[in-house]
Amino acid sequence: MLSRMKIAVVGAGHMGAALISGILRAKLVSPGRIAAARRSEAALAELRKRWGVKTFTDNAKAVAGADIVILAVKPQNAGVVVRGIAPVMKPSQLVISLMAGITTTSISGLLKTSCPVVRAMPNTPAQVDAGATAICAGAGADEKHLGLAEKIFGSVGTVVTVPENAMDAVTGLSGSGPVYIFMLIEAMIDGGVKMGIPRAMAAKLAAQTVFGSAKLVMESGKHPAILRDEVTTPGGTAINAIHELESKGLRSVLIDAIVTATRRSEELSRLLAG
Ligand SMILES: NC(=O)c1ccc[n+]([C@@H]2O[C@H](COP(=O)([O-])OP(=O)(O)OC[C@H]3O[C@@H](n4cnc5c(N)ncnc54)[C@H](OP(=O)(O)O)[C@@H]3O)[C@@H](O)[C@H]2O)c1
């Protein structure tokens, strides 16, 4: 039962704090069962004030007695942080890592204890409960462990389970994906402004159009191509815009962006492993 478990979040920065917020709002555990760790005492004081969670500047103290240890520090800090907690970790503790590019094998190697390890790739819309997270199981992690991770990330959005060799592609698609959409929104705003719409109004219309279109894809269950065809009137505005987007290669550009981001994620994983 997750509600009776203790959760330690090591590296309570943007993503770590977003998870704590989601866990508490979904009432998965009470604030007293969460230990948040980072080096800045001032930032920890803010977390205590906001949520009433326990806070630590000492990672080893934070993870002692936790059933689940969430590693949310930057990948560059993985070595020092995981080696630091390794001596106090027990094989029964589930480790969930959000660190981009750090494999479950690397984490198990640094831990030197046979803790089950689940790896996750969330994205920043988790901050508004609309995240998309992929999780995968490392050695020693079973369905029960994946289920716990699914509940935790489910508190801030949608969760899918993938094999670990798909994590770089997930990084290229949904991990980095918000950036592509932010650029799309920005460009749509500029298009509106160019055609005379005040910027604030253009921003509202562009963001709501992206939000509404995504909601329609998800809630109608229809393929996006069907939804597009439904609003494409013969000789109308949409087909003229589609022609422009196709001739300038919108689809190819997005596919290439995902391929390139995936390749870069693979490269970074190799660098961090080395
Ligand atoms: N943001 C994203 O979109 C996203 C998406 C997927 C995965 N991730 C992964 O999530 C992780 C966190 O990313 P983020 O954007 O949340 O970064 P962040 O805001 O910088 O959070 C990392 C936190 O780690 C703390 N930290 C650094 N060294 C530490 C140490 N030795 N012991 C304890 N805490 C330490 C830092 O706080 P102090 O300086 O106070 O110690 C900082 O608040 C990364 O590994 C990233 O790859 C992020």
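This is a predicted model: local features need pLDDT of at least 70, side-chain atom pairs count only at pLDDT 80 or more; totals for chains, interfaces and linings use all residues.

Trainee: What does the domain assignment give?

Mentor: Domain 1 covers 2–163, and domain 2 covers 177–267. The centres of domain 1 and domain 2, taken over C-alpha atoms, are separated by 34 Å.

Trainee: How do I describe two packed helices?

Mentor: Two packed helices are described by the angle between their axes and by the distance between those axes. Take α7 (residues 167–175) and α12 (residues 250–273) here. Their axes come within 8 Å and cross at roughly 135°.

Trainee: What do we call the arrangement of α7 and α12?

Mentor: Oblique. Angles over 145 degrees would count as roughly antiparallel, and 65 to 115 as roughly perpendicular. The crossing of α7 past α12 is right-handed.

Trainee: Now the ligand. How many residues surround the ligand, and which are the closest?

Mentor: The ligand is surrounded by 27 residues. The closest are Gly 11, Gly 13, Arg 39, Ser 40 and Ala 100. Next, sort the shell by class: 14 residues are nonpolar, 10 are polar and 3 are charged.

Trainee: Which helices each supply at least two residues of that shell?

Mentor: α1 (14–25) and α4 (78–85) do. The largest share, 3 residues, comes from α1.

Trainee: What should I expect of phi in residues other than glycine?

Mentor: Most residues other than glycine have a negative phi. Now look at Lys 112. Its phi is positive, about 60°, although Lys 112 is not a glycine. Lys 112 is found in the loop between α5 (104–111) and β6 (117–121).

Trainee: Is Lys 112 buried or exposed?

Mentor: Count its neighbours. Lys 112 has 12 other C-beta atoms within 10 Å, so it is exposed. The cut-off for exposed is 12 or fewer.

Trainee: Which other residue has a positive phi of about 60° although it is not a glycine?

Mentor: Asp 129. Asp 129 is in the loop between β6 and β7 (131–137). With 14 other C-beta atoms within 10 Å, Asp 129 is partly exposed.

Terms used:
Residues are numbered from 1 along each chain as its sequence is written. A residue is near a molecule or strand if its C-beta atom, placed from the backbone, lies within 6 Å of it. Helices (H or I, at least four residues) and strands (E, at least two) are DSSP runs, numbered from the N terminus. Ala, Val, Leu, Ile, Met, Phe, Trp, Tyr, Cys and Pro count as nonpolar, Asp, Glu, Lys and Arg as charged, and the others, Gly among them, as polar. A residue is buried if 20 or more other C-beta atoms lie within 10 Å of its own, exposed if 12 or fewer, and partly exposed in between; C-beta atoms are placed from the backbone. Domain bounds come from an automatic or database domain assignment. Axes are lines fitted to C-alpha atoms, for helices over the stretch in contact, and angles run from 0 to 180 degrees between N-to-C directions. Angles under 35 degrees count as roughly parallel, over 145 as roughly antiparallel, 65 to 115 as roughly perpendicular and the rest as oblique. A crossing is left-handed if the near helix is turned anticlockwise from the far one by less than a right angle, and right-handed if clockwise.
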